[in-house]
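Dear colleague,

Please find the structure below, followed by a short account of what was found in it.

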Amino acid sequence: GDPTATEFRELFVRQAQETGVTFCEESFQLLLKKHYEQKNRPFRFCHARDLLSQVQILCGFHKLPMAMTPDAMDVAAHNYFAGL
């Protein structure tokens, strides 16, 4: 099955720690609202890993701090969910 909302947040926190990306609660809540609730998109266990990987690539390419900013999460979600 899919993760619950609590499990989904825990996945993001754990994955952020493992990848060296600073977790931001505000950015996470905006991600949920804009890219999950408004799109009626279900949570998947792979999303935390995949979205934070997109954040790492974005931050590394632009030489930005490795952080879950609202802008970084928007770009990551847009790239990851393109066409879905």
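Arg41 lies over the face of Phe81, 3.7 Å from the ring centre; a charge counts as over a ring if NZ of Lys or CZ of Arg is within 6 Å of the ring centre and within 35 degrees of the ring normal. The model is predicted, so local features need pLDDT of at least 70 and side-chain atom pairs pLDDT 80 or more, while totals for chains, interfaces and linings use all residues. Residues are numbered from 1 along each chain as its sequence is written, and side-chain values use heavy atoms, leaving out hydrogens and water.

Phe81 also belongs to a cluster linked by ring pairs, together with Phe8, Phe12, Phe23, Phe28, Tyr36, Phe43 and Tyr80. The structure holds nine aromatic pairs (ring centres within 6.5 Å; planes under 30 degrees apart are stacked, over 60 edge-to-face, the rest tilted; for Trp the six-membered ring is used). The rings of Phe8 and Phe12 are edge-to-face, because their planes meet at 70° with the centres 5.2 Å apart. Phe8 and Tyr36 also form an edge-to-face pair, at 5.2 Å and 70°. This pair links distant parts of the chain, 28 residues apart: Phe8 is in helix α1 and Tyr36 in helix α2 (residues 25-37). Helices are DSSP runs of H or I, at least four residues, numbered from the N terminus.

Phe8 and Tyr36 are both buried (under 20% relative accessible area, 1.4 Å probe, protein chains only). Contact between α1 and α2 (heavy atoms within 4.5 Å) involves Phe8, Arg9 and Phe12 of α1 and Glu25, Phe28, Leu31, Leu32 and Tyr36 of α2.

Yours sincerely

Methods. Helix = DSSP H or I, 4+ residues; strand = E, 2+ residues; numbered from the N terminus. Buried < 20%, exposed > 50% of the residue type's maximum accessible area, 1.4 Å probe, protein only.
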